[in-house]
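Dear colleague,

Here is the structure I said I would pass on. My notes on what turned up in it follow below.

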Amino acid sequence: MTRGQRISTFISIAALLFAWSARSDAESSYYSKAKEEGQVLLYTSLAGSDTKAFRSAFEKAYPGVKLEIYRASGTTILQKILTESRAGNEVVDAVMTQDSALQVLKERNLLAKFDSAERAAFDARFKDKDGYWTDVYPTVHSIPYNTKLVAAADLPRHYTGLLDPRWKGKLGLNRNNYMFIAALLDFYGNEKGEEFLQKLARQNPQVRSGGTLTATLVGAGELPIAFSVNANNVENVKEKGSPVDWARIEDPLYGEPHPAAVMANSRHPNAARLIVEFAISKEGQTLMAKLGKVPGRGDVDPQIGVDRSKLRIIPVEAAAKTAYYQKRFDELFGKAN
C-alpha cells in the first residue's frame, strides 16, 4: 500500500468513526431522555402475535422504556387519532399503520418531521419525500390458493388469470384490502382498469372481511383461490401447517406501505423518536423479515420470496382517496358475507 493509499484509507476510517460516533451520541441522547420519559404509546396495525415480538425486541434493546401498544386497523387508528385531536386529548406518541392513514395525518399537520439517519438505507419508494414517515414494511398484494385443490399449472401468472371461467363463483375476496382497486387502476389506467374490475366482479367472488380469515378459508378448502390478500397473512396461515400458498404473479406486483411516524404533539417525544428509529433500524427490519414481512430497508432481504426491486408502490395520491376506493369496492363486489 502506497503512502497516498494509507492516508486515503485513514481518512475513510476516520470519517466512518466520526459518523458512527455522531450517530451513537444521537441514539444515546434519545435513549437517555426516553428513559426519563419512561414509556411510549404506539398505535399500530401489526398483527397481534407480531406486536408481542416487536414489544419484546424493543424493550430488550432499550430497557427502562415501556412500550404500550394499541392495535387496530388503519381506518380505526385514523379515526381514533382525529377524535382525540378534536377533543384536545392527544395521547399517542408514534403511529405505524397504512400510509393512507398517515397521509391524512400529515395533511392535517399531526405528524412531526423525523429525518432519521436510518432513512439513508431506504430508497425513495419507501419514505416520505418531506421526511414525515418511513416505511417499516410494505404489504404485498397476493393471490392465495389451496395447494391441494389448485395445480401449479392452473395458477394465474397475472391478474387477468382470475377471469378464467373455472374460477367463477369460487374466488375469495378480502374486503379489508380495497386498495387493490387503486393498484389495478394505476397499472391499467382508469378506462381499462374499470373494464377489468367489472369483468372481475362478474366472476362473483365471495367477499370476506380480513386477510387472515380469507387465507384460512382458502387453506380449509372452502375457497380454492382468492385475491386481495396480503402475502404476510398467507405466510402466517401457512406456518400453522395449512395447505395454502400464494401465486408468484408477474407484473403488476403491488405493495402498500405501512410506515412509522412521530406524532407532532407526542407526550413522550424522545421515546417516540426512539421507537420509530428502532422500527427502521437494521435490527428492527431484520425482525420484520423474520415475521414474514417485506422490510422496507434496502440492506435487509425479505424471507418470503419477493423481489423488492420489482415491487410497485400504490401512489401516495391514491392514499388520500381511501373513502372513494372503499365505496367503489362495495359497488363492484358488495359487502362481506
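**Pockets**

The lining of the second largest pocket takes at least two residues from each of H4 and helix H11 (316-319). This is a predicted model, so please read everything below with that in mind. H4 gives the largest share of that lining, three residues. In total, 15 residues line the second largest pocket, and those nearest its centre are Ala 124, Lys 127, Asp 128, Trp 133 and Val 316. Seven of the lining residues are nonpolar, one is polar and seven are charged. The space inside comes to about 270 Å³.

The largest pocket holds about 1,000 Å³ of space. Its lining has 42 residues, with Ser 45, Ser 73, Gly 74, Gln 98 and Asn 176 nearest the centre. By class these are 23 polar, 12 nonpolar and seven charged residues. Several helices supply at least two lining residues each, among them H2 (48-61), H3 (74-86) and H12 (322-333). The largest share, five residues, comes from H8.

One of the residues nearest the centre of the largest pocket, Ser 45, also has a side-chain polar contact with the side chain of Thr 97, at 2.6 Å. Thr 97 sits in the loop between strand S3 (94-96) and H4. Its relative accessibility is 0%, so Thr 97 counts as buried.

**Aromatic rings**

The count of aromatic pairs is 15. One of them joins Tyr 30 and Phe 114: the ring centres are 5.9 Å apart and the planes stand at 80 degrees, which makes the pair edge-to-face because the angle is over 60 degrees. Tyr 30 belongs to helix H1 (residues 3-37) and Phe 114 to the loop between strand S4 (111-112) and strand S5 (134-135), so this pair ties together parts 84 residues apart in sequence. Phe 114 is buried, because its relative accessibility of 9% is under the 20% cut-off.

Phe 58 and Tyr 62 make a tilted pair, with 5.5 Å between centres and 45 degrees between planes. Both Phe 58 and Tyr 62 are buried. The two also belong to a cluster linked by ring pairs, together with Tyr 31, Phe 54 and Phe 278.

Tyr 31 has a charge over its ring as well: Lys 35 lies over the face, 4.8 Å from the ring centre. In another such case, the charged end of Arg 166 sits over the ring of Trp 167, at 5.9 Å from its centre.

**Backbone points to check**

Most residues other than glycine have a negative phi, and most peptide bonds are trans.

- The peptide bond from Asp 251 to Pro 252 is cis, with omega near 10 degrees. Pro 252 is found in the loop between strand S11 (244-247) and strand S12 (254-256).
- Asn 109 has a positive phi, near 60 degrees. This residue lies in the loop between H4 and S4, and Asn 109 counts as exposed because its relative accessible area is 61%.
- Ser 228 also has a positive phi, near 65 degrees. Its loop runs between strand S9 (225-227) and strand S10 (229-230). With a relative accessibility of 1%, Ser 228 counts as buried.

Regards

Methods. Residues numbered from 1 in each chain as written. Predicted model: local features only at pLDDT ≥ 70, side-chain atom pairs only at ≥ 80, totals over all residues. Heavy atoms only, no water. 1 Å grid on protein atoms, 1.4 Å probe; cavity = no way out; pocket = protein on both sides within 12 Å on 5 of 7 lines; lining within 4 Å. Points joined across faces, edges and corners; volume = space filled by probe spheres on them. Helix = DSSP H or I, 4+ residues; strand = E, 2+ residues; numbered from the N terminus. Nonpolar A, V, L, I, M, F, W, Y, C, P; charged D, E, K, R; others polar. Phe/Tyr/Trp six-rings, centres within 6.5 Å; stacked < 30°, edge-to-face > 60°. Buried < 20%, exposed > 50% of the residue type's maximum accessible area, 1.4 Å probe, protein only. Lys NZ or Arg CZ within 6 Å of the ring centre and 35° of its normal. Polar contact = N/O pair within 3.5 Å; in protein donor to acceptor, adjacent residues only side chain to side chain.
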